[in-house]
Each structure stands twice: as C-alpha cells, then as structure tokens.
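Have the sequence and the model side by side.

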Amino acid sequence: MAPTPHQAKQAKAKLISGGKQPKARVQRYLKTTESQLKEGAKGSLLLKGIRCSDAMSTVLKDMRSVQAPHAKLLSKNNMIVPFDDEGQQSLEFLTTKNDASVFALASHNKKRPNNLVIGRTFDRRVLDMVELGILQYRSLGDFPGLPKQRVGSKPLLQFVGDLWSSDINLKR
C-alpha cells in the first residue's frame, strides 16, 4: 500500500533536512516516484460524466482501443464537473489512483451536447483542460478493411477548416 501524499511529503522533507530515514515502505514508494532517465509511457484515464450518450461512449471506447495498453476506461458514470474545484479534486484523486497523467471525461446534456473534456496532470495536480464539442464522429468500426492497431502506434487529431490555415493563432 502506498503512503498517503502527506506521508510522502513528510518523508521527502526529512530526507532533505537530514532527519531520520523514512520507513522502508515509504522509501520504496519514494524511489518509484523519483525522476528516471527513461520514463515509461503516459497512462490515460477515460471517464464518463454525469450523463453520457452512446455516441460519447463510442468515442471513449475508440480512444481506449487506439491507446490500447496504456489507457483505462472506467465504465460507471461519475458525478464530476471538471471545471469546478471539487471536480478537479476528484480528477486528481482518480488520476493518481490509476497512475494516469492524461484524462478524458465525456458527457452529454442539453446545454453542451456530446462534450469531451481532455486534460493533463503534473505532480498529481490538474495542469490544464480543454473542452471539445463533438459534432460529427465516425467510429473506427465505420471504416471497413482497416488493419488492426499496432501496439505502440500514436493517435492523431486532425483539425480541418479554412480558419485553421488562415488564422495565425490557430496555426500553431
């Protein structure tokens, strides 16, 4: 069992100040959280919001299949409002618990239909989030004859339209 964030913070402070050594369990945990020369792949967490339409469930399933070994799809609906303080705390807890640095939360309501919030975390804190409205989506099953996804391949997001090529801010 991993130590709580408070225990880990205390143990780091004791090591820096030259106090007594932390317990072996805490030391092992601290060693796993240290920076490494070659980091592993970033894990992603895929969640359903308060309400999630079938189309958004399909989006999450396709994201899971593209990111195959490094993604975790949670099947139950979560009472999370991502841009709220409590929602951010819930996301931080879930990403820490599932060892994920990227998350996607799909939801659907009258005001924001087919909504996808994609965010990333750093040091167990939400770094930034982007809210996307999905208007037209074709699932992976709609393309017959596609080869199966290879392990280690990376997904691609393509933004198409006149505004993306003409506006300087959107070109980046």
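Start with Asp99, which sits in the loop between α4 and β3. Asp99 is not a glycine, yet its phi is positive, about 50°. Asp99 counts as exposed because its relative accessible area is 66%. The classes are these: buried is under 20% relative accessible area, exposed is over 50%, and partly exposed lies in between, with a 1.4 Å probe and protein chains only.

A word on the source. This is a predicted model, where local features need pLDDT of at least 70 and side-chain atom pairs count only at pLDDT 80 or more, while totals for chains, interfaces and linings use all residues. Residues are numbered from 1 along each chain as its sequence is written, and side-chain values use heavy atoms, with hydrogens and water left out.

Now take Ala100. Ala100 lies in the loop between α4 (85-97) and β3 (102-107). Is Ala100 buried or exposed? Ala100 is buried, because its relative accessibility is 8%. Setting aside residues up to four places away in sequence, Ala100 touches Gly43, Ser44, Leu45, Thr95 and Thr121. A contact means heavy atoms within 4.5 Å.

Ser44 and Ala100 are 56 residues apart in sequence, but their C-alpha atoms are 4.9 Å apart in space. Ser44 belongs to strand β1. Ser44 is buried too, because its relative accessible area is 8%. Beyond four places in sequence, Ser44 touches Gln67, His70, Ala71, Lys72, Ala100 and Val102.

Next, another loop. Asp123 lies between β4 (115-122) and β5. Asp123 is not a glycine, and its phi is positive at about 55°. Asp123 counts as exposed because its relative accessibility is 60%.

On to Ile50, in the loop between β1 and α3 (54-66). Ile50 is partly exposed, because its relative accessibility is 36%.

Finally, step back to the whole protein. How many helices and strands does the protein have? There are six helices and five strands. From the N terminus on, their order is α-α-β-α-β-α-β-β-β-α-α. Of the 172 residues, 28% are buried. Take contacts between residues at least 6 apart in sequence: 56% of them join residues at least 24 apart. The protein exposes about 13400 Å², and carbon and sulfur atoms supply 54% of that area. Accessible areas come from the Shrake-Rupley method with a 1.4 Å probe; for residues, only the protein chains shown count as cover.

Key. Helices (H or I, at least four residues) and strands (E, at least two) are DSSP runs, numbered from the N terminus.
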